[in-house]
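Here is a short note to read alongside the model, written for someone meeting it for the first time. Have the sequence and the 3D view open as you go.

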Amino acid sequence: MTGIRNIVILTGAGISAESGIDTFRSAGGLWENHRVEDVATPEAFARDPHLVQRFYDMRRAAIQEKLPNPAHFALARLDAEWKGGLLVVTQNVDDLHERAGSRRLLHMHGEHLKAWCTLCDIRHPWRGPLAGNPPCPSCGAHALRPDVVWFGEMPYRMGEIYAALREVDLFVSIGTSGAVYPAAGFVQNAVELGAQTLELNLEASQGSHMFHESRLGPASEVVTAWVEEILGA
Ligand code: OAD
């Protein structure tokens with residue numbers, strides 16, 4: 001891979017799998033017999049806020065027990081050592097990239113460790129449960145929700161993402177099934193702009209055919225090997 005200056009990396013649940021965080025489409029995508037898609041929506045929250053808050057409380061508690069794995073650390077090393085442009089766009093709502101040391105990072109689907117007051121519109125760092133309907137630390141309203149993007153809602157920071165994609169020389173997708181748009185369409189944007197594209201995933205994904213190259217294997221191995229390679233090139 002020569003002539004590469006600007007890199008955009010999209011990560012999904014697969015990069016955190018070896019840290020012990022379930023991917024979305026493993027285990028049949030079920031939680032307590034509810035389809036995840038039926039819990040992660042504004043309609044579900046309006047219908048049964050307690051159920052939705054419990055689901056996110058459980059996941060928020062779980063991620064705090066987990067640790068970054070070698071794939072997160074490899075991307076943090078790339079961030080520290082890559083002199084050109086770099087942006088990691090994660091669909092994940094865990095904080096394992098930042099705990100590994102990544103800085104040039106954005107969360108397009110929000111973050112488990114934040115609560116959003118739908119009344120005063122302020123986001124707060126949040127580690128505990130929301131199911132008890134605690135007050136907003138700013139305005140006191142009982143109107144907090146997880147600061148995560150639900151199905152049918154607009155992902156965050158799309159302007160910044162498309163700006164980075166317009167300059168990209170190499171687009172890399174790691175540990176994502178390519179099932180959820182708009183993230184699944186980024187590879188197409190990159191190809192149309194003449195960038196090289198690489199997929200690193202455990203198995204072939206729905207979008208594999210769109211990439212110039214796919215390397216299959218666990219993220220801890222394939223991501224670490226790719227980072228060694230690109231930093232050594
Ligand atoms: P998925 O669960 O759809 O896909 C995870 C991908 O990671 C699959 O292709 C797996 O083969 C792969 N994988 C599993 N273990 C791996 C490992 N050890 N190393 C490398 N790859 C591995 O998760 P996402 O693609 O992230 O959106 O899902 C995208 C979005 O759908 C999520 O952000 C979420 C979900 O609904 C929202 O909540 C808005």
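1. A word on classes before we start: Ala, Val, Leu, Ile, Met, Phe, Trp, Tyr, Cys and Pro count as nonpolar, Asp, Glu, Lys and Arg as charged, and the others, Gly among them, as polar. With that in hand, the lining of the largest pocket divides into 25 nonpolar, 15 polar and five charged residues.

2. Please keep in mind that this is a predicted model, where local features need pLDDT of at least 70, side-chain atom pairs count only at pLDDT 80 or more, and totals for chains, interfaces and linings use all residues. Residues are numbered from 1 along each chain as its sequence is written, and side-chain values use heavy atoms, with hydrogens and water left out.

3. Now to the largest pocket, which has a volume of about 820 Å³ and is lined by 45 residues. Those nearest its centre are A13, F24, R25, T176 and S177. Pockets and cavities are found on a 1 Å grid over the protein atoms alone: a cavity is a set of points where a 1.4 Å probe fits but cannot get out, a pocket is an open set with protein on both sides within 12 Å along at least five of seven lines, and lining residues have an atom within 4 Å of a point. Grid points are joined across faces, edges and corners, and a volume is the space filled by probe spheres set on the points.

4. Which element gives the largest share of that lining? It is α3, with three residues.

5. The ligand sits in the largest pocket, meaning that more than half of its atoms lie within 2 Å of the pocket's grid points. Around the ligand are 22 residues (each with a heavy atom within 4 Å), and the closest are A13, R25, T176, S177 and E203. This shell has nine nonpolar, ten polar and three charged residues.

6. An oxygen atom of the ligand is 2.5 Å from a polar side-chain atom of S177. Ligand nitrogen atoms lie 3.0 Å from an N or O atom in the side chain of E18 and 2.8 Å from a polar backbone atom of A219. On its own the ligand has 800 Å² of accessible area (Shrake-Rupley method, 1.4 Å probe), and the protein covers 92% of this.

7. There is also one cavity of 30 Å³ or more. The largest cavity holds about 80 Å³ of space, and 13 residues line it, with S173, G178, A184, V187 and F211 nearest its centre. By class, the lining has seven nonpolar, five polar and one charged residues.

8. Finally, a backbone detail to check: the peptide bond from Y181 to P182 is cis, with omega near 10°.

Key
A polar contact is a pair of N or O atoms within 3.5 Å; within protein, one must be able to donate a hydrogen and the other to accept it, and residues adjacent in sequence count only if both atoms are side-chain atoms. Helices (H or I, at least four residues) and strands (E, at least two) are DSSP runs, numbered from the N terminus.
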